[in-house]
Amino acid sequence: MTARTTRRTTATRSRLAAVGSIAVAGALILTGCGDQTDSGSSESKETGTSSTAPLFSKLPKKIQDKGEIQVGTNAEYAPMEYQEGGKIVGVDPDIAAALGEKLGVEFKFTSGSFDGLITSLNTGRYDIAMSSITDNKQRQEGLDDKGKKLGPGVDFVDYFVAGTAVYVQKGNPKNINSIEDLCGQTAAVQRGTTYEQALKDQSKKCTDAGDKAIKIESFENDTEAQTRVKSGGAVAGVNDYPVAVDLARKAGGGNDFEVVGEQVDAGPFGIAVNKDNKQLTAALEAAVNAVIEDGTYKKILEKWGAETGAIDKAAINGGK
């Protein structure tokens with residue numbers, strides 16, 4: 001999601017595989033300013049210039065003084081992060097709340113467009129970005145999918161693992177059983193994600209083998225992609241495995257979609273941090289390991305049915 005210890009499962013997939021090169025480098029103009037929603041989803045009992053939290057001293061002085069960490073996210077990926085009752089909830093906000101207890105600060109989430117998160121992080125709008133972001137070399141180094149330098153890149157603290165999954169209308173009317181079956185078909189996806197790149201890579205494989213390319217329809221948000229699949233305008237959508245599974249379980253009371261095939265291209269999700277903020281990166285790594293070790297991490301994943309993404313130890317820039 002890989003230089004980390006992970007627990008892989010039989011069905012693996014992710015917002016991962018290749019690289020959403022534009023989101024990667026932060027070369028896109030920030031597009032989510034108008035629709036952002038603030039939500040402080042983590043609560044810490046002690047914040048400010050002093051705290052008895054075990055890892056407070058590891059934080060940069062600036063964050064100690066603020067008593068909070070500003071988090072950029074795209075809250076459209078249940079169960080990882082989504083909005084409910086005006087609040088951002090899910091796996092990532094719950095993990096962040098647990099990290100806040102260890103660090104003695106509050107994690108305050110703001111939702112914006114996914115493909116603007118890294119841009120906003122590197123311009124200082126956020127302290128971190130936490131939004132099921134796949135850790136890979138291109139994002140670490142600020143490269144596009146052809147290796148062109150687009151920006152400074154970011155560091156990642158890996159905390160979860162997932163792969164890419166294909167979902168279709170319930171009943172699978174077009175008999176799609178894997179991403180390879182999408183040659184010559186229309187597929188819907190959110191723009192700027194690694195699974196958009198996964199579709200592009202698969203489309204090239206299709207044409208290299210003498211088959212028709214995939215018609216890829218990319219949307220600003222994942223809800224639009226889901227609607228396209230539900231209406232039959234696209235035969236399939238591609239998403240992170242835990243998101244696709246949650247979608248199939250809940251949408252239309254479980255009657256709208258189903259996940260087909262196995263998760264592929266599993267890799268780590270990481271908390272993105274500006275490369276100049278090594279102290280914050282190290283503090284977050286220590287906090288992730290602390291919540292893994294005390295069992296809080298496991299309980300959070302079990303709460304959201306996301307146990308398949310568990311890791312045994314945090315890593316910095318473990319993605320390939």
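Select D155 to begin: is D155 buried or exposed? With a relative accessible area of 3%, D155 is buried (buried is under 20% relative accessible area, exposed over 50%, partly exposed in between, with a 1.4 Å probe and protein chains only). Before going on, note that this is a predicted model, where local features need pLDDT of at least 70, side-chain atom pairs count only at pLDDT 80 or more, and totals for chains, interfaces and linings use all residues. Residues are numbered from 1 along each chain as its sequence is written, and side-chain values use heavy atoms, with hydrogens and water left out.

K278 sits in helix α9 and D155 in strand β8 (residues 154-169), 123 residues apart; helices (H or I, at least four residues) and strands (E, at least two) are DSSP runs, numbered from the N terminus. K278 is partly exposed at 48%. Show K275 too: D155, K275 and K278 are linked in a network of salt bridges.

Next, pick K303 and D94, whose closest N and O atoms are 2.8 Å apart in another salt bridge. This pair links helix α10 (residues 296-303) to helix α3 (residues 91-103), across 209 residues. K303 counts as exposed, at 56% relative accessibility.

Last stop: K102 and D294, a salt bridge at 2.6 Å, N to O. K102 lies in helix α3 and D294 in the loop between α9 (278-293) and α10, so the pair ties together parts 192 residues apart in sequence. D294 is partly exposed, at 39%.

Note on methods
Salt bridge = Lys/Arg side-chain N within 4 Å of Asp/Glu carboxyl O.
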